[in-house]
Amino acid sequence: MKAIAIIQDEHRAITAVIEGLRHVVEEVRAGRMAVDHALLGAMFHYIEAFPEKLHHPKEDDFLFARLRARAPDIAPVLDGLEHEHVVGRERFSELKAKWERYRADAAALEPFAEGVERYAHFHWRHMRREEDEVLPRAAKALTAEDWAAIDAAFASNDDPIVGVPASKAFRELFRRIVAIAPPPWGVGPEASQR
Ligand SMILES: [Fe+2]
Ligand SMILES: [Fe+2]
């Protein structure tokens with residue numbers, strides 16, 4: 001069941017980047033920091049390439065698919081989560097469009113900030129549901145053979161979807177984001193020095 005630990009780790013990393021995004025936007029809104037679009041761009045790239053393109057599709061194709069076969073009564077929960085994977089992609093595209101508008105016009109900060117809050121709450125609820133309802137059930141219901149397939153999918157370093165050593169690339173991108181983001185979330189320059 002390596003996959004359970006990997007999924008929880010991925011959730012922590014995704015949440016950290018989304019919380020970092022919230023923190024940066026809050027600092028900008030409060031006038032404590034000038035906006036850094038390169039930092040926001042790195043965060044958007046991470047969310048787009050990792051949870052949206054890799055993490056959620058793997059949940060659908062491996063964990064949820066196997067669990068549906070072993071525990072049919074959990075289908076409504078999985079239906080809801082799979083629907084949120086689709087909706088989440090749409091919400092992310094909308095959020096990205098709000099960021100583009102803000103890049104072009106500083107007056108569009110408020111709708112962007114609201115969008116960030118909404119996306120963060122949406123993601124948090126989604127992830128809690130997976131951890132509270134799906135993972136414990138999967139730990140009980142799935143067989144060793146199921147786990148072998150799921151573990152292989154989640155542990156794979158060379159991911160066929162992106163065609164690069166995915167986990168290494170995302171760890172490096174994550175480190176870069178932390179290195180340029182302001183404290184206390186990141187270890188980059190203090191907001192006052194920007
Ligand atoms: Fe998910
Ligand atoms: Fe997830």
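Tutor: In this predicted model, local features need pLDDT of at least 70, side-chain atom pairs count only at pLDDT 80 or more, and totals for chains, interfaces and linings use all residues. H2 passes H3 in a left-handed crossing, a term for a near helix turned anticlockwise from the far one by less than a right angle (right-handed if clockwise).

Student: At what angle do the axes of H2 and helix H3 cross?

Tutor: Axes are lines fitted to C-alpha atoms, for helices over the stretch in contact, and angles run from 0 to 180 degrees between N-to-C directions. Here the axes of H2 and helix H3 (residues 75–104) cross at roughly 165° and come within 11 Å. H2 and H3 are therefore roughly antiparallel, the word for angles over 145 degrees.

Student: Which residues coordinate the iron ion (ligand 2)?

Tutor: Donors are N, O and S atoms within 2.8 Å of the metal (3.2 Å for Na, K and Ca); water is not among the atoms, so sites may look incomplete. For the iron ion (ligand 2), the coordinating residues are His11 (NE2), His55 (NE2), Glu59 (OE) and Glu130 (OE), at 2.0 to 2.2 Å. Glu59 also coordinates the iron ion (ligand 1), and the two ions are 3.1 Å apart.

Student: Is His11 buried or exposed?

Tutor: Buried means under 20% relative accessible area, exposed over 50%, and partly exposed in between (1.4 Å probe, protein chains only). His11 is buried, at 1%, and Glu59 counts as buried at 1% relative accessibility. Residues are numbered from 1 along each chain as its sequence is written.

Conventions:
Chains are lettered from A and ligands numbered from 1 in the order in which they are written. Side-chain values use heavy atoms; hydrogens and water are left out. Helices (H or I, at least four residues) and strands (E, at least two) are DSSP runs, numbered from the N terminus. Angles under 35 degrees count as roughly parallel, over 145 as roughly antiparallel, 65 to 115 as roughly perpendicular and the rest as oblique.
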